[in-house]
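Here is a short briefing on one structure.

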Amino acid sequence: MSELVQRTFQGIIEATKKDVSLTKGVFRVTSEMDEHVRVKNTARDFEFIADEPEALAGTNLGPNPVEYLLASLGSCQVITYQVVASLKGIQLNNVKVETKGNIDWRGFLGIDENVRPGYHKIEVETIIDSDESPERIQELIKEVEARCPVLDNLVNTVKVESQISIVNEKNPVV
């Protein structure tokens, strides 16, 4: 598998050296209300459900959005390890990332405006199985921490632009 990853990303790197416009991309996800607090999401050709546990008025048919955030971080870390290791010729037997988010619901519930509605701390434990030298693994870790897109989005401010459209057939908005 690492040969495929290496060939693919080396090809992308070479192509983008010739045409920097190839480095620009846009990902889109559509999220739409379903039953209770369940949400149907569509990304490319994939549909997936976000839901809450029954204790939070959900039907427990899928992870909730803050769990998806943790999964996004863990998944992105594992992928970044695979890509960077393959490009640097570092052999990995396995990479496992365990994420844990600490949250205080008072912010989300509007009970205390001084409490953030999101995680106040995310803990990440990465378990790397490799026969490489400790120096090579440290080099890999440093590069992954610098290049992981989801980690970058979490630790740096990202500009979010919101546009709201209101549809009301009984009382049209002018």
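Asp104 is partly exposed, because its relative accessibility is 22% (buried means under 20% relative accessible area, exposed over 50%, partly exposed in between, with a 1.4 Å probe and protein chains only). Asp104 forms a salt bridge with Arg106, and their closest N and O atoms are 2.5 Å apart. A salt bridge here is a side-chain nitrogen of Lys or Arg within 4 Å of a carboxyl oxygen of Asp or Glu.

This is a predicted model: local features need pLDDT of at least 70, side-chain atom pairs count only at pLDDT 80 or more, and totals for chains, interfaces and linings use all residues. Residues are numbered from 1 along each chain as its sequence is written, and side-chain values use heavy atoms, with hydrogens and water left out.

**Salt bridges**

- Side chains of opposite charge can pair when their charged atoms come close.
- The count of salt bridges comes to 13.
- Arg106, the partner of Asp104, is partly exposed at 36% relative accessible area.
- Glu98 pairs with Lys96 in a salt bridge, with 3.3 Å between the closest N and O atoms. Glu98 is partly exposed at 37%. Lys96 is partly exposed at 44%.
- Glu132 and Arg136 form a salt bridge, their closest N and O atoms being 3.8 Å apart. Glu132 has a relative accessible area of 24% and is partly exposed. Arg136 is partly exposed at 26%.

**Helix α3**

- Helices (H or I, at least four residues) and strands (E, at least two) are DSSP runs, numbered from the N terminus.
- Helix α3 covers residues 134-147, which is 14 residues. The expected span is 1.5 Å times one less than the number of residues. That gives 20 Å for α3, and its end C-alpha atoms are 20 Å apart, so the two agree.
- Ile137, Leu140 and Val144 are the buried residues of α3. They cover an arc of only 60° around the axis, so they sit on the same side of α3. The arc is that of the directions from the helix axis to the C-beta atoms.
- These buried residues pack against α2 (65-88) and β5 (119-129).
- On the face turned away from the buried side, α3 carries the exposed residues Glu135, Gln138, Lys142 and Ala146.

**Nonpolar cores**

- A nonpolar core is a set of buried Ala, Val, Leu, Ile, Met, Phe, Trp, Tyr and Cys residues joined through side-chain atoms within 4.5 Å.
- The largest core has ten residues, including Tyr81, Leu92, Ile137, Leu140 and Val144. At least two of its residues come from each of α2, β4 (94-103) and α3.
- Another core, of five residues, lies apart from it; Cys76, Cys148, Val150 and Leu151 are among them.
- Beyond its neighbours within four places in sequence, Leu92 contacts (heavy atoms within 4.5 Å) residues including Tyr81, Ala85, Ile128 and Leu140.

- Arg38 is in the loop between β1 and β2 (39-43). Arg38 counts as buried because its relative accessibility is 9%.
- The side chains of Arg38 and Thr59 make a polar contact at 2.6 Å. A polar contact is a pair of N or O atoms within 3.5 Å; within protein, one must be able to donate a hydrogen and the other to accept it, and residues adjacent in sequence count only if both atoms are side-chain atoms.
- Thr30 lies in strand β1 (residues 29-33). Leaving aside neighbours within four places in sequence, Thr30 contacts Lys40, Asn41 and Thr42.
- Thr30 and Glu143 are 113 residues apart in sequence and 32 Å apart in space, C-alpha to C-alpha.
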